[in-house]
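Reader: I am new to this structure and would like a close look at a single part of it. Please start with one residue and then go on to what surrounds the contact between the chains.

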Amino acid sequence: MANFDPAVPPGGEGKITLKIKTKGYQGNLRKSARIKTNDPEKRNIILVIKATVKVPIYVSSKYVHLYGKGDKGAHKTIKILAELDKPLNLSVTDFTLKNKLKYAIETVQKEKEYRVRFTSISGVKENFRGILKLKTNYPEKPEISIVINGRFKPAKIPLRPPSSGIKKETPVRVQMPIAPIYVSSRYIRLYGKEGAEITKTVEIRAELKKSLNLTITEFNLNDKLKYTIETVEKGRKYRIKFSTIPGGNRNYNGILKLRTSYPEMPLITFVIHGRFMKKGPNDR
Amino acid sequence: MKKLFLMIMGLFFVALWGDTVLGQDNKGPRISVEGREFDFKEVEEGTVLEHTFKILNIGDEPLKIISVRPG
């Protein structure tokens with residue numbers, strides 16, 4: 001919490017009050033506050049309050065996290081220490097994880113120091129959250145609550161549920177439907193500097209066991225672009241090479257349509273984009 | 001050579017003067033805090049700690065505290 005004077009006149013004095021509650025803290029405490037001002041040289045200032053909080057009973061951790069994997073159990077130990085010069089006695093008043101977790105209270109130094117050891121129960125593989133409450137004979141601190149969190153993971157996460165009939169565990173491969181004709185790309189992007197010759201090549205391949213023939217049905221970029229169809233493997237594999245006509249420097253969009261001999265895919269359409277940048281002063 | 005030496009010395013004094021005289025320029029809002037850290041030393045758990053930091057405006061324009069955010 002903070003209170004402060006929002007404005008200080010030239011040559012004047014102001015106050016910033018910081019308030020901190022120490023309930024629940026133990027040991028070293030450090031709290032800071034960031035002050036924002038209109039001083040152009042010190043727009044942000046950090047103010048710090050420090051203290052050593054003394055408690056009647058020191059508990060090394062009030063939160064216990066148990067993480068287990070596979071068959072490996074998990075365990076955690078916390079320390080409880082009397083900080084006042086009088087004997088400390090503890091007794092359990094509540095434990096909400098009876099079937100999931102074991103605990104043991106060990107006396108390190110009679111009526112002065114104790115250790116509480118939490119151990120996971122083998123076979124319990126589910127996550128849980130619970131509490132252990134201890135009653136003390138200190139009126140300054142009559143109760144200690146320890147919150148326990150358990151997180152357990154299986155040793156190996158199976159990729160898929162085991163199915164009958166398949167002996168060997170193999171990763172599942174999704175069978176993609178094969179197109180009757182493979183086309184490496186249907187979008188031809190010719191990007192470059194104006195005046196330069198830009199080329200792009202695409203491949204067309206028959207995926208079925210029958211002869212593939214191609215014929216041009218439409219091309220609307222005759223004055224801007226050249227193309228050549230090369231037969232790599234007769235009736236099976238073709239290559240189309242697109243190249244810009246030097247001198248043409250306007251951006252364009254167009255198409256090339258091919259008719260195929262396959263009724264499964266009678267038409268292949270290529271969409272062509274030509275984009276040209278102006279030459280910069282440093283370009284030769 | 002002598003001229004060069006005198007020139008370097010002259011520049012050095014100008015820089016030093018600028019740093020000391022101009023550095024003390026208190027134009028605009030200027031904050032000064034008396035002690036940015038306060039240690040309460042040992043306290044009992046449950047105590048509410050409260051401390052007031054004094055701030056001075058050593059500038060010639062109003063100083064604004066825009067916000068105080070606990071970190």
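What is the relative accessible area of A:Tyr191?

Author: This is a predicted model, in which local features need pLDDT of at least 70 and side-chain atom pairs count only at pLDDT 80 or more, while totals for chains, interfaces and linings use all residues. Residues are numbered from 1 along each chain as its sequence is written, chains are lettered from A and ligands numbered from 1 in the order in which they are written, and side-chain values use heavy atoms, leaving out hydrogens and water.

A:Tyr191 has a relative accessible area of 46%, so it counts as partly exposed; buried means under 20%, exposed over 50%, and partly exposed in between, with a 1.4 Å probe and protein chains only. A:Tyr191 sits in strand β15 (residues 187-193) of chain A; strands (E, at least two residues) and helices (H or I, at least four) are DSSP runs numbered from the N terminus. Leaving out residues up to four places away in sequence, A:Tyr191 touches A:Ile198, A:His273 and A:Arg275, where contact means heavy atoms within 4.5 Å. A:His273 is 82 residues from A:Tyr191 in sequence, yet their C-alpha atoms are 7.9 Å apart.

Chain A as a whole has 21 strands and 0 helices. Of its 284 residues, 32% are buried. Among its contacts between residues at least 6 apart in sequence, 58% join residues at least 24 apart.

Next comes the interface. Chain A brings 48 residues to the contact and chain B brings 39. The two chains bury about 4000 Å² between them, with 56% of it on carbon and sulfur atoms; buried area is the accessible area (1.4 Å probe) that two parts lose on being put together, summed over both. On the chain B side, B:Arg36, B:Glu45 and B:Val68 lose the most area to chain A, together 17% of what that side buries.

Between the chains there are 6 salt bridges, each a side-chain nitrogen of Lys or Arg within 4 Å of a carboxyl oxygen of Asp or Glu. B:Arg30 and A:Asp39 form a salt bridge at 3.3 Å, N to O. In chain B, β1 (31-33), β2 (37-44), β3 (48-57) and β4 (63-70) each supply at least two residues of the side that touches chain A. β3(B) gives the most to that side, with 10 residues.

Two strands also pair across the chains, which requires at least two DSSP bridges between them. Strand β5 (residues 44-54) of chain A and β2(B) pair in the parallel sense over 6 bridges. In β2(B), B:Glu44 is the bridge partner of A:Lys54.

Two residues of β3 in chain B complete the picture. B:His51 lies in that strand and is buried, because its relative accessible area is 17%. Beyond four places in sequence, B:His51 touches residues including A:Ile16, A:Ile49 and B:Phe40. B:Asn57 is also in strand β3 of chain B, and its relative accessible area of 1% makes it buried.
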